[in-house]
Amino acid sequence: VQLVEDDGVDLSPYDTVCVIFPYTTNIPFAGLAALNGSRLWLNGNTSDRVVTHELGHNYGSSHASSWVATDSNPADPSGYLVEYGNFTDIMGSGSLPAGHFNCWHKNHIGWHGSSNTPFVATSGTYRIYRSDHYQTSGTVRGLEIDQNSTNQYWVGFRQEFPEYESYSRGAYVLWKKTGTNRSFLLDMSPQSAAGGYDGGLALGQTYSDSPHGVHITPVARGGQTPNEWMDITVNLGTFPGNSAPSGSLSGPAQLAVQERALFSVSASDIDGDDLAYYWDIGDGLVKPNTPVISAAWLSGGTHTVRCVISDMKGGTNLVVHTVVISSPLENWTQRTSGTTKDLNDIAVGNGRLVAVGNNGTTALSDDGSNWTVHTSADVWLGNVYMEGVVPVSYTHLTLPTIILPCRCRGAAEH
């Protein structure tokens with residue numbers, strides 16, 4: 001850079017000056033940038049991800065980290081940070097185009113102002129719009145909520161990660177600690193086996209920081225691309241004397257696989273508080289924040305339906321219901337085909353069964369018990385007759401692939 005300036009090139013009009021040099025193993029980074037500065041260096045790597053990440057540092061943001069709790073409290077003070085732990089953010093381990101800067105980062109670097117990420121000073125329900133689409137027209141893209149006199153929570157909404165259900169059908173919660181130039185993505189299910197990938201605050205789920213009087217609940221979701229929105233209920237206060245809601249869960253005790261049924265919660269709150277419903281039927285999918293849901297299962301066995309009833313002020317009640325799902329695939333009758341060859345697939349038509357396997361092996365049966373096995377030689381000699389079978393549409397039939405070696409004079413070999 002100095003050599004360029006010595007040659008009379010005026011670099012002052014530029015916000016950022018980037019130096020790109022051939023990749024060298026002696027330099028242990030792909031990119032480097034001056035935090036809140038104007039210099040950027042690229043070690044032979046000009047990928048969108050590296051350039052955007054380093055520009056984020058130039059804009060003034062440090063890394064998008066995550067916070068790993070050691071107990072059930074997502075903001076556990078004895079937890080620890082993972083430097084690049086926010087997998088939804090390009091300033092963490094996220095990628096483009098999904099990994100937009102989070103709502104705190106966009107506010108910190110001046111892309112969003114106070115109207116886009118308002119400070120929540122009173123209890124209420126606030127509508128926020130997704131923060132990861134350039135065409136979103138909704139004004140509010142996140143919320144700032146004081147945890148105490150020095151730390152804050154930031155609540156945002158993304159839609160570019162549909163594979164992570166609690167983030168696409170829930171909110172993300174950041175922790176901004178005083179003295180740090182970064183945000184920490186909190187895991188709202190810190191004791192689950194998913195390691196943060198199910199860490200969004202799902203519809204109907206309440207995060208309660210009771211010692212500091214902060215309660216956050218996503219209560220509704222709607223809108224169309226690019227203006228999807230989520231309503232967030234925030235209750236501020238310790239609410240002394242608050243009573244947890246009461247309730248019960250009802251539904252069928254037995255169902256068949258894929259049979260859909262209604263499960264309902266009957267709940268009440270002695271304090272007259274509005275209630276939220278956080279459902280879990282074991283399929284990993286976020287259910288509506290409603291007292292009644294429709295559910296079905298794809299596999300048999302005993303399944304547990306859970307619903308946490310929340311008054312969104314720190315009072316909760318877990319209600320549980322067990323349902324037994326029957327499946328015809330749980331009971332099998334073993335048959336002997338009369339061959340040791342691998343059989344790959346089976347079809348049925350006009351009462352005749354056809355099983356096919358490796359090397360042209362075919363087994364035929366009229367009753368499922370007695371089988372006639374034919375080899376590939378029978379097939380090629382025309383000895384297999386399947387009258388009454390071929391004209392019928394089969395349930396499923398996969399025929400074996402036959403590869404015959406052939407070498408032609410002068411042909412190329414691979």
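A word on the model before we start: it is predicted, so local features need pLDDT of at least 70 and side-chain atom pairs count only at pLDDT 80 or more, while totals for chains, interfaces and linings use all residues. Residues are numbered from 1 along each chain as its sequence is written, and side-chain values use heavy atoms, with hydrogens and water left out.

Let's begin close to the start of the numbering. Asp-6 sits in helix α1, residues 2–6 (helices are DSSP runs of H or I with at least four residues, strands are runs of E with at least two, and both are numbered from the N terminus). Asp-6 is exposed because its relative accessibility is 53% (buried means under 20% relative accessible area, exposed over 50%, partly exposed in between, with a 1.4 Å probe and protein chains only). Together with Glu-5, Asp-7 and Asp-10, Asp-6 makes up a negatively charged surface patch. Patch members have over 30% relative accessible area and no salt bridge, with like charges joined within 9 Å and nonpolar side chains (Val, Leu, Ile, Met, Phe, Trp, Tyr) within 5 Å.

Now for the salt bridges. Side chains of opposite charge can pair when their charged atoms come close. The cut-off used here is a side-chain nitrogen of Lys or Arg within 4 Å of a carboxyl oxygen of Asp or Glu, and the whole structure has ten such bridges. One of them pairs Arg-182 with Glu-83 at 3.0 Å, N to O. Arg-182 is buried at 14%, whereas Glu-83 is partly exposed at 30%.

Glu-228 and Arg-130 form another bridge, 3.0 Å from N to O. Glu-228 is in the loop between β13 (214–222) and β14 (229–236) and Arg-130 in the loop between β6 (124–129) and β7 (143–146), so this bridge ties together parts 98 residues apart in sequence. Both ends are tucked away: Glu-228 is buried at 8%, and Arg-130 is buried at 2%. These two also belong to a salt-bridge network with Asp-132 and Glu-160.

Further along, Arg-352 bridges to Asp-366 at 3.1 Å, N to O. Arg-352 lies in strand β23 and Asp-366 in the loop between β24 (362–365) and β25 (371–374), so the parts tied together are 14 residues apart in sequence. Here Arg-352 is buried at 18%, but Asp-366 is exposed at 54%. Strand β23 (residues 352–357) also holds Val-356, which is buried at 5%.

What about disulfides? The structure has zero of them, taking a pair of cysteine sulfur atoms within 2.5 Å as the test. As for individual cysteines, Cys-18 is partly exposed at 39%, and Cys-103 is buried at 0%.

Finally, the backbone. Leu-96 and Pro-97 are joined by a cis peptide bond with omega about 5°, and Pro-97 is in the loop between β5 and α3. The bond from Thr-225 to Pro-226 is cis too, with omega near 10°; Pro-226 belongs to the loop between β13 and β14. Asn-36 has a positive phi near 60° without being glycine, and is exposed at 60%. Met-312 likewise has a positive phi near 60°, but is buried at 7%.

Terms used. Accessible areas come from the Shrake-Rupley method with a 1.4 Å probe; for residues, only the protein chains shown count as cover. Lys and Arg count as positive and Asp and Glu as negative; His and the chain ends are not counted. The place of a charge is taken as NZ of Lys, CZ of Arg, CG of Asp or CD of Glu.
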